[in-house]
Amino acid sequence: MKKEFLFACALGLSLTVQAKGHLDITSYRYAGPYLVSRPLLVDSTDVNAKAWSAASLLKTPLSLDAVGQAPVSDADKLPSAPAEGYALHLMQFDLENTAYGKAKFNVSEVKDWQLYVDGKLTDKQEMALEPGTHEVVLKYLSAPGESVKPKVSVDSDGEFSLHQGQSRLYTLADAMHGTKCAGVQVSPDGKYLIVTYLTSLKEGRSETVYCVKETLTGKEVARRSEAIRWMPLSGDYYFVRQGVSGRQLVSVSPATGFERVIAEGLPEGNFSISPAEDYLLYTLVQEGPKERQEIYEVIDPDDRQPGWRNRTYVAKYDLKSGLMQPLTFGYRNAWVSDISADGREALLMVSTHRMGKRPTTLFSVYRMDMQTLEVDTLVEEDGFISHALFAPDARQVLIQGSPEALGGVGMNVEKGQTPSMIDSQLFLMNVADRKVTPLTRTFNPSVRSVQWNLSDGQIYFTAENRDCYSLYRLDPSSGKITLLDVPEEMVLAFSLADKAPVMAFYGESAANSHRIYTMNLKKQKAELREDLSEKLLKGIRLGRCEDWNFVSSRGDTIYGRYYLPPYFDESKKYPMIVYYYGGCSPTSRNFDTLYPFHAYAAQGYVVYVVQPSGATGFGQRFSARHVNTFGDYVADDIIEGTKKFVNAHPYVNGKKIGCLGASYGGFMTQYLQTKTDIFAAAISHAGISDHTSYWGEGYWGYSYSEVSGANSYPWANPELFVDHSPLYNADKIHTPLLFLHGSVDTNVPVGESIQMYTALKLLGRETALVVVDGQNHHIRDYSRRILWQNTIFAWFAKWLQDDASWWNAMYPPKTL
């Protein structure tokens, strides 16, 4: 059957025609000719006894960058070779595929040539290409006066297209590489910023740099490889380096670049500088007792964790005398939570471990006078607090914790509900009378990071606001909370100037990567200072991301969003992937994530992200549904939402729906298959299959169960631990189910996947188990992450797109 292809060759336009079979390259970008000369032949042969040939000129190094910027031309418009001398030519085109496939490149009418695919020289004319937009460059050699016009074609077993537009598909490589912001700090006077950049390079390499910039102009005044921070009083920045006499504490003026050594022979360890810059507060580590390696006693469930026997303590280092004064002593962990604005007092926290009652870890907060070392107990052994900060005048303390903290004064749940310990709240304590005021009891978002501003006396914090990280200001005198208007859906971190109304922050949204901003707190207007996303996403075409919420049968508004393929056609039918949260928090609108939703969409999927019951950020009563339910409300919301989404969107193929989750979400993947048959494929990464075995074996199994199964235990509540475990309902599963797991997962041990995989194999069900060697709960290793993610892509391609070629290429069928 004859196939006809039409191509839009005008720059900026992109017409793609997908087909299997033969594709003639009739348009391209061209750069050249580049004259190359024959070298002086000082000998007739080289050291390997080979005579010189003109073909060796093809190996002359030549940048491929120029051809990518050239205009699109027709194939019959190639320039003739120069009349004198040899010449190199570059001919470039983009080959695009949304599914895995093999492509064979055919080159004729030219004798000496090289082929580059995605910037790499290849000696193969036939290769397997993962989904994406692939830059193909033909580098060829012409002899003097030679009329050379290469003919290029592609034979394929998948759907490939010639793509000559300016945009390309977003891929896993885009998610893994590039420069992101890893931190931003504003100077005390607000005039300078320290921006930390993390650049992820190919082959897993990375580099971190710290840049000092003028806030208003963006002018870079310093760039360092050492970690730098601001001095609280002088406004210099400081770092630690190794000197002749040991570690040096060095400060640098951002205005002049003048360096000053503050201290020599600095002790090892992490420290905070006092506001008056006269002492350092260290949090140091004391090593615990050792056991023999060949056979050893485990004295506590947590004793399996490396370093658990070590304990932290606090010490004060006087910068003038060099005296190191221990401030705490004992076998319990102690650390610095905050230093008062005048440096006179410090807030210390101490943890106590116990196994007889929930919660198993208790926290105490002490106020210590830095001159007399007298101690005042503010909070004693409360297992629901996490952090404490001084007010600017130190007369009040801001405490962060879960709703049950401080006697449950912040609880706002229905009768019979237990609040989620992950739902973070704020409390204000008057130091004089210990009176506690809950500040966020009726505030639905869950607090993340918080700072009390010295400049205006206001409290600023970020919080999980449904699936966003929003930025808020809290007036401690009135308790009023104000949502600040910022351009990003996800405020990832912020910093406040102590002596000026200036804030710096960076964030991202569902359709863009990191951007850096400053805000005048009086005007409350954010100003963009640097757009890292623009460079990261240059030339990339993303599909639309839209909100989609529904009212559940219980009357709740269940929030969600969906991603469409870049070349979305409403008249077509698309397979769909459903994703849901992997713990107690919502699946937030991060662009940069281990599960790059835009990359899934680029492969021809609609991606539906749902925020089911139990997630924080929607209020205490909503998040409390995570406790002692082990998936019930969650499964109902996911199933109902998926069905309603399909009914509301005719372009979704209701028979080709996949689902994916990790950790608790991996458990949900398994649990869902025992409740419904609407999914055509499912993937569980590091999922819990048996709550009882996970409860006892994972490093944090029993302590996480304090959150999800408060005061419930396997011996006292078998209905919860057994009946809600997928393993005991394995016979109900008929969906093709892939198990992915790191071999050294200490959170959810790999046995959770092994035992469920074994059950499904015994039942004769479609299943697969892929173990990632040497990886823990998250797959961080560069090459392993690529294989892991491609395994996910390949499984969905097999079952949702009826194309097993990628899966079979990665995991060839075996007869054993």
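In which strand is S513 found? In this predicted model, S513 is found in strand β37, which covers residues 512–520. Its relative accessible area is 1%, and because the cut-off for a buried residue is under 20%, S513 counts as buried.

The surroundings of S513 can be followed through its contacts. Once the neighbours within four places in sequence are left aside, S513 is in contact with K180, with G507 and E508, with S533, L536 and L537, and with F591 and D592. One of these partners, D592, also takes part in a polar contact with S513, in which the two side chains are joined at 2.7 Å.

From this residue the reader may turn to an open sheet of eight strands, whose pairing is mixed and whose order is β39-β42-β44-β43-β45-β46-β47-β48. Its edges are formed by β39, at residues 545–547, and by β48, at residues 767–772, each of which pairs on one side only. From one strand to the next, the twist averages 20°.

Within this order, strand β45 (residues 652–662) and strand β46 (residues 681–685) run parallel and are joined by five bridges. Along β46, the residue that stands opposite G658 is A681.

A helix accompanies part of the sheet: α13, made up of residues 782–800, lies across β43 (574–579), β45, β46, β47 (737–742) and β48. Relative to β46, helix α13 runs at about 160°, an angle taken between N-to-C directions on a scale from 0 to 180 degrees.

Methods:
Residues are numbered from 1 along each chain as its sequence is written. This is a predicted model: local features need pLDDT of at least 70, side-chain atom pairs count only at pLDDT 80 or more; totals for chains, interfaces and linings use all residues. Side-chain values use heavy atoms; hydrogens and water are left out. Two strands pair if DSSP finds at least two bridges between them. Helices (H or I, at least four residues) and strands (E, at least two) are DSSP runs, numbered from the N terminus. Contact means heavy atoms within 4.5 Å. Buried means under 20% relative accessible area, exposed over 50%, partly exposed in between (1.4 Å probe, protein chains only). A polar contact is a pair of N or O atoms within 3.5 Å; within protein, one must be able to donate a hydrogen and the other to accept it, and residues adjacent in sequence count only if both atoms are side-chain atoms.
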